[in-house]
Amino acid sequence: MGVEREELLRLEEKARDLRKLIIDTVVWAGSGHVGGALSSIDIITLLYYKYLNIDPTRPDWEDRDRFILSKGHIGVGFAPVLADLGFIDHKLLKTYNHTGSELGMHLDRAKVPGLDASTGSLGHGLPIALGLGLSARLKGQSFKTYCLMGDGECDEGSIWEAAMAIAHYKLTSVIPIVDRNRCMIDGRTNDVMILEPFCDKWRAFGFNVIEVDGHDMPALCEALDTAAEAQDKPIAIIANTKKGCGVEFMADNYRYHYASFDAEKAEACKIDIDKYHDARAAAL
Amino acid sequence: MGGLNYTMIDTAKLSTAELYGKTLTDLAEDHPEIVGLTADLAKSTKIGVLGEKYPDRLFNLGIAEQNLLGTAAGMALNGMVPFVSTFAVFTSMRGLDQVHTDICYQNLNVKMIATHAGLSFGQAGSTHHCTEDLSIMRAMANCKVIAPADGMETAMAVRAAYETPGPVYIRINRGFDQKVYDNPDFGYELGKAVELHEGTDLTIIACGPAVWSAREAANVLERVDGIRARVLDMHTIKPLDAEAVRAAVHDTRRLITAEDHNIVGGLGSAVAEVIAESGKSCAFRRLGVPDTFSIIGLHEDLMAHYGYDMNGILETARDLMGADFEDDDDWDDEI
């Protein structure tokens, strides 16, 4: 597919604006899983604004590409995307986490148009993606299913059960992406539960692995382009990221898995985000 | 129930699970959206029959039950009707988080046909017994829970499950069941108890293999004791036929439940809830596995050991007929 500089700049701006909207949503919600939302947002931005074949006016269109947010706790990072695309009313973001709201910490497919699966309990997304992929093959549909997981989430055995099966079925239409931010609730992944040799584990389970900087848009584009063209062997993308990416005091700090902050601190976050994205754009 | 083409001969020569496999394969012929999934138990659960006829529609996911149930959810999200079969103990416990979150919470059209339920895999021991599933699955919102009495009723239940949108859990036994139904014309309806024996002296409410025991017990009670026992085949544990329970309380004032399950949380508990909320008192006993991990043995021996075979039900019925519950002088309803 490739990516032109002009498009890249547009995507960079979108990622910047979404980062700020995530910060606002955390304030409206009172608190939220902001660290993992900011580590994933560049990947989600690319998928939703460049790669996924979707139509916000037809959220149930059966041939659409699917996105399974296996790290379902970052609803606060995903609902802003659905609002921005018009799947849900922008005003709903201001009700996030409020009693009776359509939007809660872990998004509910029954209440949120554009959400392909209700997730939250970790380790569930990849098996669901596998089911989507197998059924698409059986029905002769050509859509792709992207599944975004956390790296801490990969402690769950069910991820590896599904990985084994995706390789067994040579199901290249399912593209696992791991947000490798090296943090989990209780600490660094290396301290809580060692995942290394992480890429080798995916290779051993039957995947070709693309390891990429998860905040480098051109590199991510290349990875997604390659994954989309996998033939006999599925491709897993391991995206090295920073938790809280874009906000200096949060960046790479596992303590910001979940946080709350007031409007004043939110403004400071946005100044950081501008600076961070200015630097990224300048480097393009 | 149109199109059911099983005969007495089929039910005599096919095990309950074989009848399930045959029913599923027949349904699949008319409904291309039906797929089967299993976790290395295609042969044991008989879902493998589907794969013999439609190899591309049966998915064996290896010994990985969490992935099995999550994959079924993914298929249902894309409009398929997945039938998932592994042992009841693995469906209801090993993969329960996926059953809860992926299937029931999302109200997906997944049919879980769980075999080797209750103590039907008696010699395998408690790792393979399943005396908790009715309790567990009954607590899953959106899920319908069925425990058929025999092979014929299993065939009916499987068809009803297909025709009912949303998650359905059917638990069946390993091997052959005592035959309760000779033909399919007994008016099977999901959520409606079948009255197998008329009576006004007491009511025996049973599910699964205890249904046959209950009916046999009722025949003996009538012949030997002159006691007229109503027998209800309560094949659907959820939604429970509460009306039939309330009628039994009103008409007979004595109730026994019998199930191949822990007496905690299953049919007995479901019936007790209806009785308690009815505001009417009655004499009541729950028969089943008495909140213990079972001893090892043949299924029928275990049912006898724990007192929910024909003799156990008979004994409890006779005891209950002697229960003096109506003239309770201590009852104070002035509060």
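Let me begin with a term: two strands are said to pair if DSSP finds at least two bridges between them, and helices (H or I, at least four residues) and strands (E, at least two) are themselves DSSP runs, numbered from the N terminus. What we have here is a predicted model, in which local features need pLDDT of at least 70 and side-chain atom pairs count only at pLDDT 80 or more, while totals for chains, interfaces and linings use all residues. Residues are numbered from 1 along each chain as its sequence is written, and chains are lettered from A and ligands numbered from 1 in the order in which they are written.

As for confidence, the model scores ipTM 0.96 and pTM 0.95.

Let me start in chain B, with strand E1, residues 34-38. E1(B) pairs with strand E3, residues 81-85 of chain B, in the parallel sense over five bridges, and within E3(B) the bridge partner of Leu37(B) is Val84(B). E1(B) is also joined by three bridges to strand E2, residues 58-60 of chain B, again running parallel, and there Thr38(B) has Asn60(B) as its bridge partner.

Is this strand buried or exposed? Five of the five residues of E1(B) are buried, where buried means that 20 or more other C-beta atoms, placed from the backbone, lie within 10 Å of a residue's own. In a regular strand the side chains alternate between the two faces of the sheet. Both faces of E1(B) are covered, with Ile34(B), Gly36(B) and Thr38(B) on one side and Val35(B) and Leu37(B) on the other.

Stepping back, the domain assignment of chain B, and such bounds come from an automatic or database assignment, gives domain 1 (10-171) and domain 2 (194-321). Their C-alpha centres lie 26 Å apart, and 21 residues of domain 1 of chain B are in contact with 27 residues of domain 2 of chain B, contact meaning that the C-beta atoms of two residues, placed from the backbone, lie within 7 Å.

Why does Thr203(B) count as buried? Thr203(B) counts as buried because it has 29 C-beta neighbours inside 10 Å. Leaving out residues up to four places away in sequence, Thr203(B) touches several others, including Ala229(B), Leu232(B) and Thr252(B).

Turning to chain A, nine of the eleven residues of helix H3, residues 75-85, are buried, among them Phe78(A), Val81(A) and Leu82(A). The buried residues of H3(A) pack against helix H1 (5-29), helix H2 (34-51) and strand E1 (66-69) of chain A, and just after H3(A), Gly86(A) takes a positive phi of about 90°.

Finally, where do the two chains meet? In the model, 21 residues of chain A are in contact with 22 residues of chain B. Helix H4 (125-139) and helix H5 (157-168) of chain A each supply at least two residues of the side of chain A that touches chain B, and H4(A) gives the most to that side, with ten residues.

Key. Buried ≥ 20, exposed ≤ 12 C-beta atoms within 10 Å, placed from the backbone.
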